[in-house]
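Me: I have a structure open and would like to go through it with you. Could we begin with the overall layout and then turn to details?

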Amino acid sequence: MTRRAEATHQILLVDDDRTIQRLTEAFLKPLDVDCEFAGCSAEAFESLARRLPDLILLDHELPGESGLEILERLKADPILAQIPVIYATGTAKETVISRCFEAGANDYIQKPIRRPELVARVQSVLERQRMMRELWSNARTDSLTGLPNRLLLQETLARAIERARHDSRYHFAVLFLDFDRFKTINDSLGHEIGDMLLQQIAERLRTNLRSEDAIVRDSQMTTLSRLGGDEFVILLGDIPDEAAASSVARRLLGVLNRPYSLAGNTVNSTASVGLVCSDHDYQTADEMLRDADIAMYEAKARGRGCYVVFDPSMHAAVVERHRIENDLRAAVGTDQIHLVYQPIFAIEDGGVIGMEALARWTHPHLGLIPPDRFIPVAEETGLIVPLGEQVLHAACTQFQLWRRQHTRLKYVSVNVSRAQLEVPGFATLVRDIVAQHGMAPAQLQLEVTESMIMSRPDAAVTLLQALKALGIRLAMDDFGTGYSSLSCLHCFPFDVIKIDRSFVQELNGERSEFVALVHAIVNLAYNLGMECVAEGIETHEQVAVLLAVDCLYGQGYLLGRPAAGGETCPDAWCTRSPRASTPDIAEKLTA
Ligand code: C2E
Ligand code: MG
Ligand code: MG
């Protein structure tokens with residue numbers, strides 16, 4: 001007869017009667033079980049410390065601690081409580097039976113034990129246990145990659161945190177990985193290829209971590225998991241220090257950044273990795289995952305394909321961003337959002353021809369917040385749409401107030417973001433607002449930045465043409481910063497080009513290359529029938545150069561700083577003609 005290598009199920013039989021022990025073992029023989037015996041509670045817990053069985057058969061009457069007391073101790077332990085228990089007793093007292101079920105027994109058997117009943121009860125409990133295990137495992141496995149999922153990661157992470165709290169020598173780290181071009185690959189090559197990529201990533205990680213025993217000393221805690229999408233998290237159990245975790249991150253990046261071959265397509269998808277170590281005194285798994293995620297975003301911001309170690313100041317920046325977002329939600333539509341106006345001048349004689357509306361936010365506690373801190377948040381959250389509408393109404397109201405006193409003012413200029421342009425019906429909204437305020441369409445100018453247009457030039461042309469068809473003035477803002485080529489300017493229906501401040505700042509007699517560049521922009525604009533406005537004029541020398549290259553309009557602190565609207569006539573800005581104190585450098589330039 002060949003001996004089984006190992007029985008399928010392990011059973012611990014806690015009974016002090018040797019005859020019953022032997023009898024039970026004989027009864028259960030056909031079930032492919034392996035029995036271990038304990039005669040009292042001490043022996044039972046000793047055996048449990050060595051090995052966890054699939055089932056405990058527990059007698060009621062034992063020397064020392066009773067069966068019920070042992071049962072209560074078992075159920076108080078989070079790990080032992082998972083093992084099913086069949087309670088055996090010779091007394092048929094209902095109190096004993098109901099107490100054993102109250103204490104957590106899974107089944108009950110009356111002594112003297114009879115073979116068919118014992119076999120049936122053991123079989124049924126083991127089957128239930130098998131099903132429970134399967135459910136447990138399914139709930140904790142990512143079906144695509146076969147890796148542990150978020151739930152199992154959270155449970156393991158919680159245990160690692162608990163262990164580090166009690167053992168100051170225990171360090172562990174979490175790596176949060178996100179793949180930089182996954183969405184594009186998924187969208188362009190299809191979900192099947194996207195799934196293949198995720199499977200290959202999982203395989204590379206699996207193979208690589210297995211070979212890393214020297215660094216990862218606690219393989220039980222070490223968990224490679226997929227959170228969902230293209231997010232993978234690795235818990236490195238028991239590492240010596242942060243440097244060791246960093247070396248794992250570096251090595252993984254090297255492995256992951258190699259091209260992937262997916263059904264005949266070669267694709268590149270670099271990873272961005274956030275790393276956080278256990279020394280920040282974390283209380284919960286979620287806190288630690290949150291910080292690893294923050295560090296991962298920082299890695300993306302630093303150019304992708306790299307890893308970043310979490311630092312608490314990153315958290316402060318995220319909290320601040322969150323606060324801005326929440327408070328901005330409440331501020332939009334109220335007078336916390338208001339406008340200041342910066343004049344646009346005819347450089348030659350100082351006449352104000354337009355006013356640019358610039359949004360400001362007076363936060364009830366933080367005070368004045370400049371647009372570069374809240375406009376990007378508004379853009380990311382979609383709040384730019386209601387905010388932009390509020391700005392349009394306010395600017396039009398102010399324009400009509402000024403128009404009554406000032407005849408040379410041709411238009412009010414309002415900055416718009418890409419998200420606003422892309423809202424279906426934006427052109428109709430603009431038309432209605434202009435009409436509602438009794439303005440001619442050409443009295444409103446919309447400024448869009450060059451970078452905004454260049455991200456999707458074809459779509460931008462269509463959107464801008466719809467506005468142009470209504471007669472709205474269009475300006476390309478910050479020209480020169482968005483990498484558009486001069487040659488594609490003619491594709492866009494702009495009335496005005498605003499030359500970015502960074503070029504205007506360089507305009508002086510010594511920087512002839514910038515003078516030549518601005519001159520070229522001005523000439524091209526005129527040839528295309530567009531006006532030119534120089535932004536950020538701060539010195540008289542800049543004014544002189546701009547006049548020399550025939551740039552007719554300008555804006556800047558020298559000419560007029562942004563200020564509140566109200567009743568003040570725009571002429572008040574024009575205290576003197578900018579030309580008056582301008583050195584005559586035209587000769588120097590042409591020399
Ligand atoms: P922008 O449209 O290019 O506006 C010009 C910015 O340069 C303004 O900053 C203005 O105060 C500043 N500036 C003007 N002259 C000078 C100068 O001589 N020197 C210097 N150093 N700076 C000068 P601000 O008001 O902080 O606005 C920054 C940006 O925020 C704007 O750049 C615009 O892109 C955006 N923004 C402002 N209001 C709105 C809005 O209502 N909607 C949208 N979508 N964006 C807005
Ligand atoms: Mg602007
Ligand atoms: Mg600008």
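Me: Which domains does the assignment give for the protein chain?
Reply: This is a predicted model. The domain assignment divides the protein chain into domain 1 (9-140), domain 2 (150-310) and domain 3 (321-590).

Me: How far apart are the C-alpha centres of domain 1 and domain 2?
Reply: Those two centres are separated by 41 Å.

Me: Where do Asn-415 and Glu-447 sit in the secondary structure?
Reply: Asn-415 belongs to strand β16 (residues 411-415) and Glu-447 to strand β17 (residues 444-449). The two are 32 residues apart, so the pair links distant parts of the chain.

Me: Are they buried or exposed?
Reply: Asn-415 is partly exposed, with a relative accessible area of 30%. Glu-447 counts as buried, at 1% relative accessibility.

Me: Which residue bridges ligand 2 and the magnesium ion (ligand 3)?
Reply: Asp-477 bridges the two magnesium ions, which lie 3.9 Å apart.

Me: Changing topic: how many salt bridges are there?
Reply: The count comes to 36 salt bridges. One of them joins Arg-373 and Glu-320, with the closest N and O atoms 2.5 Å apart.

Me: Which helices does that pair link?
Reply: Arg-373 lies in helix α12 (residues 371-381) and Glu-320 in helix α11 (residues 312-331), 53 residues apart in the chain. Arg-373 is partly exposed at 38% relative accessible area, and Glu-320 is partly exposed at 34%.

Me: What about Glu-380 and Arg-321?
Reply: Their side chains meet in a salt bridge at 2.4 Å, N to O. This pair also links distant parts of the chain, with Glu-380 in helix α12 and Arg-321 in helix α11, 59 residues apart. Glu-380 is exposed at 58%, whereas Arg-321 counts as partly exposed at 26%.

Me: And why are Arg-329 and Glu-325 separated by about one helical turn?
Reply: Because they are four residues apart in helix α11.

Me: Last one: which residues are joined into one network by salt bridges that share partners?
Reply: Asp-34, Glu-36, Arg-50 and Arg-51 are joined in that way.

Key. Residues are numbered from 1 along each chain as its sequence is written. Chains are lettered from A and ligands numbered from 1 in the order in which they are written. This is a predicted model: local features need pLDDT of at least 70, side-chain atom pairs count only at pLDDT 80 or more; totals for chains, interfaces and linings use all residues. Side-chain values use heavy atoms; hydrogens and water are left out. Donors are N, O and S atoms within 2.8 Å of the metal (3.2 Å for Na, K and Ca); water is not among the atoms, so sites may look incomplete. Buried means under 20% relative accessible area, exposed over 50%, partly exposed in between (1.4 Å probe, protein chains only). Domain bounds come from an automatic or database domain assignment. A salt bridge is a side-chain nitrogen of Lys or Arg within 4 Å of a carboxyl oxygen of Asp or Glu.
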